[in-house]
Amino acid sequence: TRFPQVKYIYNTENVGFSKANNQAIAQSSGRYVLLLNPDTVVGESVLDEACHFLDEHDDAGALGVKMIDGDGKWVSFCKIFGLSKLFPYSRRFGRYHLRFLDENSTHRVDVLSGAFMLLRRSTLDRCGLLDENFFMYGEDIDLSYRMTLTGEKNYYLPLRILHYKGESTKTESLRYVRIFYQAMFIFLRKHYPHYKLFALLSIKTAIYMRATTATVRRFLFPKKEKRCDVNGKWYIWSREADPIKNILDKYGITPTLVTPDGRDIAPHLFRSENIRHVVFDRKTLSYGRIIEQMERWSVPGKVCFYIYSPDSGKIVSAHSLLT
């Protein structure tokens, strides 16, 4: 009822990332197509700036952006990491590691992440849609690779989005370990049928070993659900903090500091006041500003960030949901 212009496609079963996105792409009509994970928050200006880049760069077939996780940490440029180990004989994947590139500058890259992937429709017309042999994982690598084979260029732009990485798949983690490494086999068979026997065996062995190690590690050392300890000082960034205070009061939390306007957090607060929790009010700050501040003040393991949505009356973080 809030978005009557949106088309809904109801599947009776989980058909996978590739097939579901292809269903939507087939019904879309725009000049550009955006693949976007459900566990993301996109700043208000990101789509405008990304589309403007494609408008101004005819050689760009697709682009990705800078992803910040729920703790304010930078996730990655793209999915090239690890491919050089799995495909050591590939000149494309074995020639360099993108981790040495400046994360705050624009770059040409080989592989983009499907968590946010903006594509030209004309590029999809030339390269084809997502390969539905990939249920989940690998389809973005395959599409990126196919684009480069036709001469299209992929770009990384330092535009920030928030990606609660892993939230969309964590409920069936062992199943997705299997799906991820199966995707590597599909990619290998599709694009490297010419590999010599020794190369094929070495790559298959590497994939099996990585898959086995990942599975055993999950059994022996299961990841506990990440939760922030509510203890410590709480900081509210809101012009109308009472609704946030009412929610926190249910959990026995009393905020230490409140910023009533849109000024930046003072640097000394995290040092002198030992702030452990920061709640951003979406009504006071734009999503773009919130993501910028999360990245700016990220202190891994020491500061937890939350976003309060007046529409839903909920406080959301990478670790918990307060209502």
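Rings of Phe, Tyr and Trp, taking the six-membered ring of Trp, count as a pair if their centres lie within 6.5 Å. The views below come from a predicted model.

**View 1. Trp237, Phe280 and Phe305 form one aromatic cluster.** A search of the whole structure finds five aromatic pairs. Two pairs that involve Phe280 are shown in the next views, one with Trp237 and one with Phe305.

**View 2. Trp237 and Phe280 form a tilted aromatic pair.** The ring centres are 5.7 Å apart and the planes make an angle of 40°. This pair links distant parts of the chain, with Trp237 in strand S7 (residues 233-237) and Phe280 in strand S9 (residues 275-281). The two residues are 43 residues apart. Trp237 counts as buried because its relative accessible area is 0%, under the 20% cut-off. Phe280 also has 0% relative accessibility and is therefore buried.

**View 3. Phe280 and Phe305 form a stacked aromatic pair.** The distance is 6.0 Å centre to centre, with 20° between the planes. Here too the pair links distant parts of the chain: Phe280 lies in strand S9, and Phe305 lies in strand S10 (residues 304-309).

**View 4. The charged end of Arg282 sits over the ring of Tyr287.** The distance from the charged end of Arg282 to the centre of the Tyr287 ring is 4.5 Å.

Notes
Residues numbered from 1 in each chain as written. Predicted model: local features only at pLDDT ≥ 70, side-chain atom pairs only at ≥ 80, totals over all residues. Heavy atoms only, no water. Phe/Tyr/Trp six-rings, centres within 6.5 Å; stacked < 30°, edge-to-face > 60°. Helix = DSSP H or I, 4+ residues; strand = E, 2+ residues; numbered from the N terminus. Buried < 20%, exposed > 50% of the residue type's maximum accessible area, 1.4 Å probe, protein only. Lys NZ or Arg CZ within 6 Å of the ring centre and 35° of its normal.
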